[in-house]
Amino acid sequence: MPNNDSLNANEVARPTSSRRDPDWLRGRLADWLPTVVGAPATITRLEIPSANGMSSETIVVDAEWEGVAHPLVVRVAPMPESDPVFPSYDLDRQFAIIGHVASSTYVALPSLYWSEPDPARLGAPFFVMGRVDGLVPPDVMPYTFGSWVTEAGAEQRATLAEKTIETLAMIHSAPPPMESLDLPAPGETPLRAHVRRLREFYTWASAGRAGSGLIERGFAWVDAHFPVESDAVLTWGDARIGNVIYQDFTPAAVLDWEMAAYGPRELDVAWLIFLHRFFQDLAEMAGLPGLPDFLRRDDVAEAYRRTSGHEPRDLDFYTTYAALIHAVVMFRIQSRAIHFGQAEEPADTDDMILHRATLEAMLAGTYWEKVR
Ligand SMILES: Nc1ncnc2c1ncn2[C@@H]1O[C@H](COP(=O)(O)OP(=O)(O)OP(=O)(O)O)[C@@H](O)[C@H]1O
Ligand SMILES: [Mg+2]
């Protein structure tokens with residue numbers, strides 16, 4: 001999910017207290033590495049980057065064994081005492097899903113090394129992957145505010161959009177790895193199960209505090225506008241350009257499989273569209289032009305249809321649902337910031353949702369007429 005620290009300090013999304021100590025980590029990893037490599041191994045560099053990433057920790061590691069340098073990235077589940085954004089993290093499951101997609105499609109993914117579910121090693125489960133060179137559209141400051149994405153030519157951005165949408169279609173062509181996914185309850189459809197899990201997350205996130213009237217209206221809207229679902233596939237979940245490493249405007253690695261789910265393909269198509277609108281609306285709120293012609297809803301839908309053979313349906317529903325999912329995540333992140341004393345409880349709890357105006361307009365059915 002994207003950080004919302006464009007309007008807050010970076011500390012809001014990644015409070016210092018949730019970080020680990022690099023020297024401690026380096027020592028622990030140095031002890032562990034030879035046990036999986038089966039030979040002596042050394043760590044020549046370890047860094048915890050401060051840019052993207054607020055749910056799990058991303059650690060950059062250079063290791064060496066058997067005379068070969070290995071540029072690695074270690075993804076670690078958050079420490080329970082950091083009051084994590086989500087109630088649970090299953091890194092081993094993410095590792096299994098990435099491995100499954102790698103073995104059944106041509107999707108560009110980081111190479112996988114090991115998954116270590118034992119929390120005793122680094123204080124939380126983690127997995128190790130190969131480090132991929134390239135550029136990621138930044139969340140902080142958002143890429144729409146001025147970045148390599150805005151500086152690129154329109155044709156290069158068109159390539160980026162096209163290749164990203166092709167990637168979505170390829171992910172959706174994988175046979176769903178049912179053993180790694182939450183399955184619907186008996187009698188429940190995949191989309192109903194998805195909404196139920198979001199509601200459970202919101203109930204957890206709002207326990208013991210004032211909820212958001214806007215989010216509650218959002219859930220009611222979703223119930224009232226429930227579509228007939230297309231066939232369920234493996235969805236990436238956090239399907240946005242900020243979770244892709246690009247080389248030459250082409251995906252070199254698809255990251256962040258935490259929100260992967262079994263559900264209609266429109267979940268991913270709409271998340272891709274909505275997350276760009278989220279960053280575009282932020283740019284416009286800041287008086288910047290942003291990229292109004294990039295990842296336009298109709299263009300994304302058409303490109304997806306062309307490359308997958310499936311016409312995305314009910315995008316009014318799915319983009320609104322995407323805005324609702326993001327609202328719940330934002331509500332949770334702001335609650336967490338308040339808990340850490342880094343944000344004030346607003347008088348109106350709906351103000352915890354940075355894109356409240358967008359969600360309100362979507363619920364009113366007036367959002368798309370002003371951006372189409
Ligand atoms: N295999 C990799 N190779 C190179 N860089 C990586 C790799 N994995 C992660 N990164 C870097 O770490 C950043 C965060 O990764 P990722 O999106 O998977 O983490 P996250 O905690 O889910 O982040 P967020 O919550 O912001 O989505 C990426 O934007 C990228 O810069
Ligand atoms: Mg990410």
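Begin by selecting glutamate 116, which at 13% relative accessibility counts as buried, the term buried meaning under 20% relative accessible area, exposed over 50% and partly exposed in between, with a 1.4 Å probe and protein chains only. This is a predicted model, in which local features need pLDDT of at least 70 and side-chain atom pairs count only at pLDDT 80 or more, while totals for chains, interfaces and linings use all residues. Residues are numbered from 1 along each chain as its sequence is written, chains are lettered from A and ligands numbered from 1 in the order in which they are written, and side-chain values use heavy atoms, with hydrogens and water left out.

**Charged pairs**

Arginine 121 is partly exposed, at 32% relative accessibility. By this rule the count comes to 25 salt bridges.

Select next arginine 45 and aspartate 62, whose closest N and O atoms are 3.0 Å apart in a salt bridge. Arginine 45 lies in strand β1 (residues 41-47) and aspartate 62 in strand β2 (residues 57-65), so the pair ties together parts that are 17 residues apart in sequence; helices (H or I, at least four residues) and strands (E, at least two) are DSSP runs numbered from the N terminus. Arginine 45 is partly exposed at 29% relative accessibility, whereas aspartate 62 is buried, with a relative accessible area of 18%.

Move on to arginine 209 and glutamate 345, another salt bridge, with the closest N and O atoms 3.0 Å apart. Arginine 209 lies in the loop between α6 and α7 (213-224) and glutamate 345 in the loop between α10 and α11 (356-364), so this pair ties together parts that are 136 residues apart in sequence. Arginine 209 is partly exposed, with a relative accessible area of 24%, and glutamate 345 also counts as partly exposed, at 42% relative accessibility. Then select Asp348, Asp350, Asp351, Arg356 and Glu360, which salt bridges that share partners join into one network.

**The two domains**

Colour the chain by its domain assignment, which gives domain 1 (10-130) and domain 2 (143-370), the bounds coming from an automatic or database domain assignment. The C-alpha centres of domain 1 and domain 2 lie 25 Å apart, and the contact takes 32 residues from domain 1 and 33 residues from domain 2, where contact means heavy atoms within 4.5 Å. About 2700 Å² is buried between domain 1 and domain 2, with carbon and sulfur atoms giving 63% of that area; buried area is the accessible area (1.4 Å probe) that two parts lose on being put together, summed over both. Across this interface the rule finds four salt bridges. Select also arginine 75 and aspartate 256, which form a salt bridge with their closest N and O atoms 3.0 Å apart.

**The core**

Which residues have the most contacts inside the largest nonpolar core? Select Trp257 and Tyr321, which hold that place in a core of 116 residues, a nonpolar core being a set of buried Ala, Val, Leu, Ile, Met, Phe, Trp, Tyr and Cys residues joined through side-chain atoms within 4.5 Å. Helix α10 (residues 315-339) supplies the largest share of this core, 16 residues. Domain 1 and domain 2 both give residues to the core, so it lies between them. Around tyrosine 321, leaving aside neighbours within four places in sequence, the contacts are Leu191, His194, Val195, Leu198, Val222 and Leu267.

Select helix α8 (residues 266-285), whose 20 residues reach 28 Å from first C-alpha to last, close to the 28 Å expected at 1.5 Å a residue; the expected span is 1.5 Å times one less than the number of residues. Of the 20 residues of α8, 18 are buried, so this helix is largely enclosed by the rest of the structure. Arginine 277 is found in α8 and is buried, with a relative accessible area of 6%; leaving aside neighbours within four places in sequence, arginine 277 is in contact with Glu284, Tyr367, Trp368 and Val371. Just after α8, glycine 287 takes a positive phi of about 80°.

Finish at α3, where Leu91, Gln94, Phe95, Ile97, Ile98, His100 and Val101 are buried, and where the covering elements include β3 (68-76), β4 (112-116), β5 (126-130) and β6 (232-235).

Note on methods
Salt bridge = Lys/Arg side-chain N within 4 Å of Asp/Glu carboxyl O.
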